[in-house]
Amino acid sequence: MAVPPAPSREVNPPSPAARAVWIADAALREPRTDVLVLGTPHLSMLAPDFDRARLEPLLARLQTWRPRMIMVEAVSGAQCDYLRKFAVAYPGVAEDYCPDASAARAALNLDQAGAEAEIERLLATERADRPAAERRRLAALFLAAGDPASARVQWLRLPEPERIAADGLTAGLLATIAATGKRPNENRDVAAALAARLGLERVWPVDDHTGDRAAGPSNAEMEAAIPRLWDNRWSHARKPLIEQIPARLNKGEVLAVYRDENSLDAARYAVASDFAATAADPSPQRYGRRYLAYWETRNLRMVANMREAMGPTPGTRVLAIVGSSHKPYYERYLGVLSEVRVVSTDSVLADKAR
């Protein structure tokens, strides 16, 4: 089946007032912030005994690109606290997306804000020779802050003999970080592993579910309507490609899978099968439009979280690792930021044998 066609014209041309922002774009000088958006299959589809060594070709390519910040599809601890407090508006969201930080907070006698404050204080001093005791403390603090991927970075940067229960890092917390017997996870097995190799101190969780309310209250009719909208020729064409991913990864076709997941064809299939299908919902209730409102709000806020994390210092090289269906939306929204330059994954993932 042919891929979905590209639109023949710009659907949402900017207004004259919006074009005024081009004045800032034109005034901008180098350096700019280069952002590489790596669409990924969710590696949790793999078995716990998946050989992580098969990810090495991907890690090697990303390491060569040398990002200085790595952003992941994870909800921050602060937002998780908010989602739990306002569970009436976000039923089940914290349970689905947030780790349990209570054990680490009890071990350190700190709440979310206290943990984040101490992390900022410790990381304010850059040092390659950070003492093992401080790294253990940071690992525990990141767990207390609801950021297990960054805790994993600190654990990986410890020499193996120093990966012990001490400095607030209990045996139970060590087991959480080691994640032995757990299914693979791109935040842990790609982002954190890469950050440790590059000498980074952390990754940045930028997922956002505060916009889930944009869909309005759910009901049985809506929950039945969305899967019907997804039942279309594009999803039928895409399904076998997705189903092949675990076998291909197990065979070591990691770079080939990531090239496919980051291709233009994959982006068009993802949007046509999912978001375009819901946008075209003809029903009077417009359930598909409600779903689209949630999706666009979520991605806008994820990109806003990225922009906040990038901060005021231009020239940072950023790797954003996110589920493949987010990639076209990430790149669309990043593309309107004056300081950001979106980098193609083609040069990083290219088949060099060709």
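## Arginine 66 and the basis of the model

Arginine 66 is placed in the loop between helix 3 (56–65) and strand 2 (69–75); helices (H or I, at least four residues) and strands (E, at least two) are DSSP runs, numbered from the N terminus. The phi of arginine 66 is near 55°, a positive value in a residue other than glycine. With 44% relative accessibility, arginine 66 counts as partly exposed; buried means under 20% relative accessible area, exposed over 50%, and partly exposed in between (1.4 Å probe, protein chains only).

The model is predicted: local features need pLDDT of at least 70, side-chain atom pairs count only at pLDDT 80 or more, and totals for chains, interfaces and linings use all residues. Residues are numbered from 1 along each chain as its sequence is written, and side-chain values use heavy atoms, with hydrogens and water left out.

## Overall fold

The chain contains 19 helices and 5 strands. Its C-alpha atoms fill a box of roughly 60 × 50 × 50 Å along the principal axes. The radius of gyration of the chain is 21 Å, which agrees with the value near 20 Å that a compact globule of 354 residues would have. This radius is taken over C-alpha atoms, and the globule rule is 2.2 Å times the number of residues to the power 0.38.

Of the 354 residues, 45% count as buried. Among contacts between residues at least 6 apart in sequence, 82% join residues at least 24 apart, where contact means heavy atoms within 4.5 Å.

## Surface and charge

The chain exposes about 17,600 Å², and carbon and sulfur atoms supply 54% of this area. Accessible areas come from the Shrake-Rupley method with a 1.4 Å probe; for residues, only the protein chains shown count as cover.

There are 47 positive and 45 negative side chains, and the centres of the two sets lie 3 Å apart. Lys and Arg count as positive and Asp and Glu as negative, whereas His and the chain ends are not counted. The place of a charge is taken as NZ of Lys, CZ of Arg, CG of Asp or CD of Glu.

## The disulfide

The chain has 1 disulfide, defined as a pair of cysteine sulfur atoms within 2.5 Å. It joins cysteine 80 to cysteine 98, with an S to S distance of 2.1 Å. The pair links distant parts of the chain, 18 residues apart: cysteine 80 belongs to helix 4 (residues 77–85), and cysteine 98 to the loop between helix 5 (93–97) and helix 6 (102–108).

The torsion about the S-S bond is about -90°, so the disulfide is left-handed. Cysteine 80 is buried at a relative accessible area of 2%, and cysteine 98 also counts as buried, at 12%.

## Further backbone features

The peptide bond from glutamate 30 to proline 31 is cis, with omega near 5°. Proline 31 lies in the loop between helix 2 (22–27) and strand 1 (33–40).

Asparagine 109 has a positive phi of about 55° although it is not a glycine. This residue is found in the loop between helix 6 and helix 7 (112–123). Asparagine 109 is exposed, with a relative accessible area of 69%.

## Arginine 197

Arginine 197 belongs to helix 11 (residues 186–197) and, at 37% relative accessibility, counts as partly exposed. Leaving aside neighbours within four places in sequence, arginine 197 is in contact with Glu56, Leu59, Ala60 and Gln63. The C-alpha atoms of arginine 197 and alanine 17 are separated by 45 Å, the two residues being 180 apart along the chain.
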